[in-house]
Each structure stands twice: as C-alpha cells, then as structure tokens.
Amino acid sequence: MLQASKNNATINGFVVEEITAVNLPPVAIINSSAVEGSAPFEITFNGSSSTGTGDLIYNWNFGDGGSSELADPEYLFQEAGTYNV
C-alpha cells in the first residue's frame, strides 16, 4: 500500500503485487498477389504480417490438395476453378 501525507491530507494508492504474462491468441493476416487469373496461374501468398505470442506455425491448404508450411508460399494452380484457401 502506498500512502503519502501532507498538510493533514492523505493520499492512498496501490502496489502491483504480481505481473503475469498474457499469451494472446494468433491473428492471421494474409494477402495474395492476385485473386483471379487464367490457369495455370501462380499466386504468391503472404502470411508474414500475422501476429501472436511465440513462434507461429503456418499451414496453408490451397483447396486442390496442395499445401505449404511456409509463411509466404508461392503456389501454381494448374486447373481452372474456384479454390478456398
């Protein structure tokens, strides 16, 4: 407890007893060099701006059976279609 007195006035404060580190959940921030094009079509994905406590693990699924564990992968879509990445 912090206490200061002057001229018959008392100010009471507080003391921090313990500080605990908080691990925040990761936040995925992704960008791509394009969102559409003609097959075969190469796209660069960027996940390097993602945030979180500690080392981040990347697991990209390109929607056609392809995948990557890189933060910023390049991927070649061979067939025309709509892919959820």
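The questions below go from the whole chain to its sheet, its pockets and single residues.

Me: How many helices and strands does the chain have?
Reply: This is a predicted model, and what follows is computed from it. Read along the sequence, the pattern is β-β-β-β-β-β-β. The count for the chain is therefore zero helices and seven strands.

Me: What share of the residues in the chain is buried?
Reply: The chain has an accessible surface of about 7,100 Å², and carbon and sulfur atoms hold 51% of it. A residue counts as buried when its relative accessible area is under 20%. Of the 85 residues in the chain, the buried share is 15%.

Me: Which strands stand at the edges of the open sheet of three strands?
Reply: The order in this sheet is β3-β4-β7, with antiparallel pairing. A strand with a single partner has one side left without a neighbour in the sheet, so it stands at an edge. The edge strands are β3 (31–32) and β7 (74–77).

Me: Which residues form the covered face of β7?
Reply: In a regular strand the side chains alternate between the two faces of the sheet. In β7, Glu74 and Leu76 make up the uncovered face. The covered face consists of Tyr75 and Phe77.

Me: Which strand gives the largest share of the lining of the largest pocket?
Reply: The largest pocket holds about 340 Å³ of space. It is lined by 20 residues, and the closest to its centre are Val35, Glu36, Ile43, Phe77 and Tyr83. β3 and β4 each supply at least two residues of the lining. The largest share, three residues, comes from β4.

Me: Is Gly47 buried or exposed?
Reply: Gly47 sits in the loop between β4 and β5 (60–61). Leaving aside neighbours within four places in sequence, its contacts are Ile29, Ile30, Tyr58, Trp60, Ala71 and Asp72. The relative accessibility of Gly47 is 0%, so Gly47 counts as buried.

Me: How many Å apart in space are Gly47 and Asn31, C-alpha to C-alpha?
Reply: Residues 24 or more positions apart account for 39% of the contacts in the chain with a separation of 6 or more. Gly47 and Asn31 are 16 residues apart in sequence. From C-alpha to C-alpha, their distance in space is 6.7 Å.

Me: Is the peptide bond from Ala39 to Pro40 cis or trans?
Reply: Pro40 is located in the loop between β3 and β4. The omega angle of the bond from Ala39 to Pro40 is near -10°. This bond is cis.

Key: Residues numbered from 1 in each chain as written. Predicted model: local features only at pLDDT ≥ 70, side-chain atom pairs only at ≥ 80, totals over all residues. Heavy atoms only, no water. Pairing = 2+ DSSP bridges. Helix = DSSP H or I, 4+ residues; strand = E, 2+ residues; numbered from the N terminus. 1 Å grid on protein atoms, 1.4 Å probe; cavity = no way out; pocket = protein on both sides within 12 Å on 5 of 7 lines; lining within 4 Å. Points joined across faces, edges and corners; volume = space filled by probe spheres on them. Buried < 20%, exposed > 50% of the residue type's maximum accessible area, 1.4 Å probe, protein only. Contact = heavy atoms within 4.5 Å. Areas by Shrake-Rupley, 256 points an atom, 1.4 Å probe, with all protein chains shown as cover.
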